[in-house]
Amino acid sequence: MEIKKIPLPDEKKKARFTDESQLGFGRIFTDRMLMVEWRAGKGWVDARIEPYAPFVLDPACLVFHYAQEIFEGLKAYKWTDGTVALFRPEMNARRFNLSADRLCMPSVPEELFLKGIEELVQLEKDWVPSAEGTSLYIRPAMIAVEPVLGVKPSDHYYFYVIMSPVGAYYASGFKPVKIMVEDKFVRATPGGTGEAKTGGNYASSLKAGLEAKKKGFDQVLWLDGVHKRYIEEVGAMNMFFAYEDRVVTAPLEGSILHGITRDSVLKLVASFGLKVEERKIDIMELMNDIRSGKVKEAFGSGTAAVVTPVGALSYKDECLTVDDGEVGKLTQKLYDTLTAIQYGKMEDSFGWIKKIA
């Protein structure tokens with residue numbers, strides 16, 4: 001599909017950032033956005049890159065009432081030689097369509113998804129920051145815009161992509177976080193929407209997250225929604241536990257997001273000569289293994305933070321320290337390796353990088 005380029009008038013051009021250390025996350029947006037529409041009986045039509053602007057939507061749109069909405073998150077990185085690159089964007093396209101299928105939304109052709117992002121980034125490459133740890137965050141999304149009060153799949157959708165220059169995720173440094181195991185609220189259940197990247201999952205997690213912060217914790221570690229016994233995700237990240245010769249993480253069984261960084265971490269761990277175990281992790285087993293010192297390190301992974309070290313884990317009335325509350329060697333190595341590949345400082349032996357500008 002040809003993507004039309006709508007000219008950007010001078011009056012629509014935004015003032016660029018001058019201090020990359022003050023970018024923050026997701027508050028500044030580029031000049032342009034990608035927009036494609038899907039209509040019943042016509043399919044995908046009218047692909048265009050146009051000036052960034054608000055939508056005018058009917059108050060009855062299905063997205064507002066029945067939450068037919070999905071999204072993705074990936075980044076563009078600027079290398080020291082000026083190259084702009086994406087990290088495994090084809091996996092975002094596939095996960096986007098996995099989410100679309102679960103929410104009864106039309107799939108976006110992978111070629112359109114990738115081509116649209118690449119052409120948008122090329123037009124907006126001057127917005128990609130270059131300071132250490134900064135990047136251009138890319139947010140593809142799809143919403144149901146048919147104006148009808150009825151529980152049904154929409155006959156009209158917007159697929160769009162917006163972008164935001166973002167600062168280093170760890171503004172205060174790469175430090176371990178303190179997490180609380182949530183044993184009252186649940187994030188997802190088998191057969192639900194846990195493996196879909198849809199806004200409802202995040203909205204329903206807010207209450208537990210706020211309660212954890214009131215108690216002095218940084219994140220919530222979710223247990224399964226049936227037994228409240230098995231480890232699932234931490235916040236919006238996949239969770240890992242490192243033993244002497246292996247790394248253990250929860251399996252993908254329908255309630256956990258198919259993390260792209262998760263997949264990358266597992267491939268790197270195997271390349272380091274460690275065993276990988278994807279299995280159910282009983283919370284009592286885990287607490288015992290932390291107490292005994294069998295668990296050497298704990299960390300989460302996700303697009304925004306890449307790898308997040310965990311220094312303490314609390315369950316019920318017991319809070320245990322992991323690896324003396326320090327950043328473990330494996331955690332640091334994974335973070336350093338992934339970011340080095342993303343920023344072109346290390347050879348990409350996995351074929352993960354796609355240069356686009």
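A: A residue is called exposed when its relative accessible area is over 50%, and buried when it is under 20%. The model here is predicted.

Start with Val 151. This residue sits in the loop between S7 and S8. Its relative accessibility is 72%, so Val 151 counts as exposed. Val 151 also belongs to a surface patch. Tyr 66, Leu 149 and Val 151 together make this nonpolar patch, with an area of about 340 Å².

Now take Val 145. Val 145 lies in the loop that runs between strand S7 (135-144) and strand S8 (156-166). Here the relative accessibility is 5%, so Val 145 counts as buried.

Next, a strand. Glu 50 is part of strand S3, which covers residues 43-51. Its relative accessibility is 16%. That is under 20%, so Glu 50 counts as buried. The side chain of Glu 50 has a polar contact, at 2.9 Å, with the side chain of Arg 48.

Last, a charged surface. Lys 184, Lys 207, Lys 215 and Lys 228 form a patch of positive charge there. One of these, Lys 207, is in helix H5, residues 206-214. The surface therefore carries a nonpolar patch that includes Val 151 and a positive patch that includes Lys 207.

Note on methods. Residues are numbered from 1 along each chain as its sequence is written. This is a predicted model: local features need pLDDT of at least 70, side-chain atom pairs count only at pLDDT 80 or more; totals for chains, interfaces and linings use all residues. Side-chain values use heavy atoms; hydrogens and water are left out. Patches are made of residues with over 30% relative accessible area and no salt bridge: like charges are joined within 9 Å, nonpolar side chains (Val, Leu, Ile, Met, Phe, Trp, Tyr) within 5 Å. Accessible areas come from the Shrake-Rupley method with a 1.4 Å probe; for residues, only the protein chains shown count as cover. A salt bridge is a side-chain nitrogen of Lys or Arg within 4 Å of a carboxyl oxygen of Asp or Glu. Lys and Arg count as positive and Asp and Glu as negative; His and the chain ends are not counted. The place of a charge is taken as NZ of Lys, CZ of Arg, CG of Asp or CD of Glu. Helices (H or I, at least four residues) and strands (E, at least two) are DSSP runs, numbered from the N terminus. Buried means under 20% relative accessible area, exposed over 50%, partly exposed in between (1.4 Å probe, protein chains only). A polar contact is a pair of N or O atoms within 3.5 Å; within protein, one must be able to donate a hydrogen and the other to accept it, and residues adjacent in sequence count only if both atoms are side-chain atoms.
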